[in-house]
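This report examines selected local features of one protein model. The sequence and coordinates are shown first, and the commentary follows.

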Amino acid sequence: MDATTPISTPVAIATSSSYNDKAVSELLDMIYLDTTPAVDGDICKAISRKIKSKEISLVSVVEELGPRLTSTHVQERSKAVEILANVFTYLPPDFLNESELQFIVDFLCDRCKDQHIVIPKIIMCVLPVAKCKNLPAGAGVKLLDQLFKEANIQSHIHRIRHSFFKTLQILLGSRLQELKNMSSDFVMNFLQSMDGEKDPRNLLLLFRIIPCIVSEFEFGPFLEDFFEMLSCYFPIDFNPTVKVPGEEVVTRDHLANALHVCLSQTNEFAPFLIPLIMEKLESSSVDAKLDSLELLRLCCERSYVPQDLQSYLGQIWHTMRKEIFLGGNDKVEKKCYEFLKAAFKLISEETDILDTCLTMIFRECRSHLSEPELKLIMPTANILHCITESGEVACISVVRFLFPVLYDQICIKPSRNEKKRLLNIWETIISTSRQYKEIKFVELVPRWDEIRGLWFTLLANDDWEIVQIVVKIFSHVIMVDADFQKEHRDMLQQHLLRLVQNSFSMPQDSRLAIILLSKRFCSLYGEEFSDMTVPKLLNTLSHSTPAVNSLCEYNCEGNELCAPRALSSTVLGQCSHLHPITFQIVVAYLLEKLKRNPLELEILKCFGSIVDNACNKDEKGFTKPDLNSLFVSMCVLDEIVSVAFKVCVVLKERQKEEAEEVIPNAGSDGSMVLNDVTMTHEVVRNCLLQATEAVRTFVRASNEAQQYQVIEEYWVKNINAADGLENYLASIPGIVVEALVGPIRPSVDIQQRSKLIKWILENISVGCNTFGRQTIEIHTIPLVRLLGSLVNKAHHDEELGVFLQQIEFYIDKHLYSNLGNSEVILGPSETTEESSCISCDGKTNVINALIWIVKGLAMRGFGNLDYWVDKIIRLLNDETLGVYAVNHFHFLVADDPYSLNPESFCIFRFLYKQRLFQTSVDKLVSGYRSAPSQAVQFNFIRALSSQLKHVPSEILFLEIDSVLPLLVASLKCNSSSQVLLSTLNALMEMMNSQDTKHKLTEYCHDLVPQLTLLAQNNRSMVFPILILIQFFRCSYWLDGLKRVRTMTFKSSIHLYL
């Protein structure tokens, strides 16, 4: 509560609603008739309203109070002043004019000489006066001067002191120049008013005031006194008590941070502060050490000059080395590094001081670097890294010192582990030094040629970890042309190609390092890279490696014999977009290859990666050129769409072969031809996925005008060429339609949109096998996703209403027996004449479509969402259809990377997941409780648990009290394995969030016995169950709860752990 807020007390004479009808004299009489000490704030507020409305004047109020203000009874005078304070509080800051304020100021200054009982009310009255915008010049100084002399601030209670300090804060903000005229008198009086303050709320306010005083006032003879007054609070030793309603919560961190700002505001405190900090660093208190290091860092960053530290450098380094090398506390060590970085950034301004300090540190670091097998090597590396990060001057000194030392040590150390440690240090320093563009190693390091030669030698090492580190070193070194001239770059490219050709059994980290080096090379020296490296990578990519099976030439994933080809594909895919020449060469080559054979999976992967990187990713550390003109001139979209259609043709041919291959035929070698056909079909499917993903990425990245062209070229013309929409759609898989239409902006008109929706609804209900055994994945599911996207992007509510009416007709037709009563759901044996022809697959597809439509509506922020969610919830009441619905229920809140996402320009409302989840949770809980059978209950449990993985923990936490009882109940039932697995997965997801983890422990008495029982009876689920059991045991131990609570389950748990 603010110190100036009046405290209301009940007055039996009248209610606040009747105050407005009374005269001022009556209102004042009511206050004085009240025997409670506090003044009724409501009455004062009524008086203020009358003054603001001009019913009465402030002068008349003062006249009414006159006899009481001059009364011989001190209590009466005190109450009169408090009334004035409360009335002033409720007046606007600009209400009183200058003459009125001058009168009030003179009156308050005179009252300051009154008895000590009145003084607190005077202080309260001064605060609203200080806030007034029309306060006369010099009035604030006059009030403060009088209070300094007469008030004896520290003799009053917390609330009054807070009012005074708040007044001081306001006047420092609005009347600073007037206060500065008080000079050292102000500083002395401020010291006296603050001296001995202990209340944390007041201290926090004072610590926020002091930086202004330190910056604006001359301390003169009071400098040391001011520091002593502040230093008595350092380090902060405070534990917050219970929170008081209406008051700011003050923590130790609040006080410590504010005090650090005060002490670091000026370097005039340095002669007193640094010895104090050194003393605190010698203490055993971790908090004292952390505060001291943080304060010293702030001083270096905010106010100190190098000379302030000069005489203490030896003592500071002695303390730092002890905490870093011998301290053993990670937090303190981290703070030491932060301080060293700030300190070296400061002292880099003075070369002599910097050299003195570095000589002292390098002397010790040299001895540690000569023994890389010892644990001191990493702290030494961290110290050198901090110095390097501090600035260019310090970095140059580290490079000159470190490079020769590391070179000598690596040459003489036989151990691979020692070499790795030293190379890692080298790589870290080189990476940091590249922040400074003026640093050239060739100019700083006398033995630069020898060092570069050492790195080239290590590239031929048979230890992949050493190779990986050296490759990373080269990726930093090549950034400066002077350090790495063309002859050396040519040599490095040869090594790079050799590594790619010999990438068998290469670890993933080494591959990533090679990719990074290639990207940097291509970005900086694109022409050289395109002339020397790219042709050989393309040759490797095209080369057919000896196959271990019929898939080898198509798919390199997981096949070690194809490692060079796969790595070549990745390198080209990650680099080509970084330079126009490289892009042109690689893309032209890939498109030519795909024209001849659209089933080159690695080629398609490489091309897809290039398109993705060129269209989407702005990478840190790389400048991506504008490739739009090249995309257009090379007709990239035309070519890749053509590839997709060619793959579709092959796909349909494979489907015909599968349909005709009823009886497997044996090949000449006895192998089954059908097996080869199956594998080939998988390759075709993967090629189609890659091609359509490239199309989708390209269309997403297109602007509105380009998307109009896409619709005209690949939608309208193809429909006309096929003599109608139905013929065109029947000829291609749904995934191609989704790739072309799904990413289109809502503002771009898609011709025959309504017919497209109708065709999708009619065809997904048929459950056809048009594209073989992959029909569901590449045709049906993409179509239902597209359906949700089309609904989401409806141009206006009228169009959306037409779509939904059309959709609802088909859904009711296929899922409900009575169109007039949608409450009745078709069971497995209940069919009407209209819906009897629908297969199980058809019903599954229709239910899936309904779920995607609801998702699209939710993302759009559709108003009548409950109605459509109810349609899904009602399906769960059916034992057969409910299972179909459960299998797709998670799509409601799961992220979709294809069509229903902001990247595809869907209409997107923030927190749609929260709305959808909270809408469904209540319905699922209610449905579970009213379920007619256990099978139906399982539907609701699975539907609920399937969402939890995809819902943000903050949203889940809000509903956890509704969710957890159902999950616990599912473990106690005779649940199927699907239900149990769904529940266990949901519980494990909750473990990953701090928000829900704590709540989960509250149910341990229900969960642990049941989980233990399940572990005994369900061997296939032992692992997730034991993870949960172990979690509960650890949670109880960490929370300090009684171990006896888990003793009941000890034997069973130990048996399986």
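Predicted model: local features only at pLDDT ≥ 70, side-chain atom pairs only at ≥ 80, totals over all residues.

## Packing of helices H22 and H24

Leu 423, Trp 426 and Ile 430 on the H22 side are in contact with Ile 451, Leu 454, Trp 455 and Leu 458 on the H24 side.

Helix H22 comprises residues 416-433 and helix H24 comprises residues 448-458; they pack at an angle of about 125 degrees, and their axes are 14 Å apart. The handedness of the crossing of H22 and H24 is left-handed.

## Helix H46

Helix H46 covers residues 934-948, and its 15 residues should span 21 Å at 1.5 Å a residue. The C-alpha atoms at its ends are 22 Å apart, in agreement with that expectation. Of the 15 residues of H46, 13 are buried, so this helix is largely enclosed by the rest of the structure.

Glu 738 belongs to helix H38, which covers residues 734-741. Its relative accessible area is 0%, so Glu 738 counts as buried, the cut-off being under 20%.

The side chain of Glu 738 makes a polar contact of 2.8 Å with the side chain of Ser 899. Leaving aside residues up to four places away in sequence, Glu 738 touches Arg 696, Pro 743, Pro 782, Arg 785, Leu 786, Tyr 898 and Ser 899.

Ser 348 is placed in the loop between helix H18 (330-347) and helix H19 (351-369). With a relative accessible area of 14%, Ser 348 is buried. A polar atom of the Ser 348 side chain lies 2.4 Å from the backbone oxygen of Phe 344. When residues up to four places away in sequence are not counted, Ser 348 touches Leu 354, Ser 390, Val 393 and Ala 394.

Leu 326 is part of helix H17, residues 313-327. Its relative accessibility of 65% means that Leu 326 counts as exposed, since the threshold for that class is over 50%. Leu 326 and Leu 376 are separated by 50 residues in sequence, and their C-alpha atoms are 9.2 Å apart in space.

Most residues other than glycine have a negative phi, and most peptide bonds are trans. The following residues are considered with that background in mind.

Ser 505, a residue other than glycine, has a positive phi near 65 degrees. Ser 505 sits in the loop between helix H26 (486-501) and helix H27 (508-524), and with 56% relative accessibility it counts as exposed. Cys 635, which is not a glycine, also has a positive phi, of about 55 degrees. Cys 635 is located in the loop between helix H33 (628-633) and helix H34 (636-660); at 34% relative accessibility, Cys 635 counts as partly exposed. The peptide bond from Phe 234 to Pro 235 is cis, and its omega is near -10 degrees. Pro 235 is found in the loop between helix H12 (223-231) and helix H13 (252-263).

How values were computed. Residues numbered from 1 in each chain as written. Heavy atoms only, no water. Helix = DSSP H or I, 4+ residues; strand = E, 2+ residues; numbered from the N terminus. Buried < 20%, exposed > 50% of the residue type's maximum accessible area, 1.4 Å probe, protein only. Polar contact = N/O pair within 3.5 Å; in protein donor to acceptor, adjacent residues only side chain to side chain. Contact = heavy atoms within 4.5 Å. Expected span 1.5 Å × (residues − 1). Axes fitted to C-alpha atoms, helices over the stretch in contact; angles between N-to-C directions. Left-handed = near helix turned anticlockwise from the far one by under 90°.
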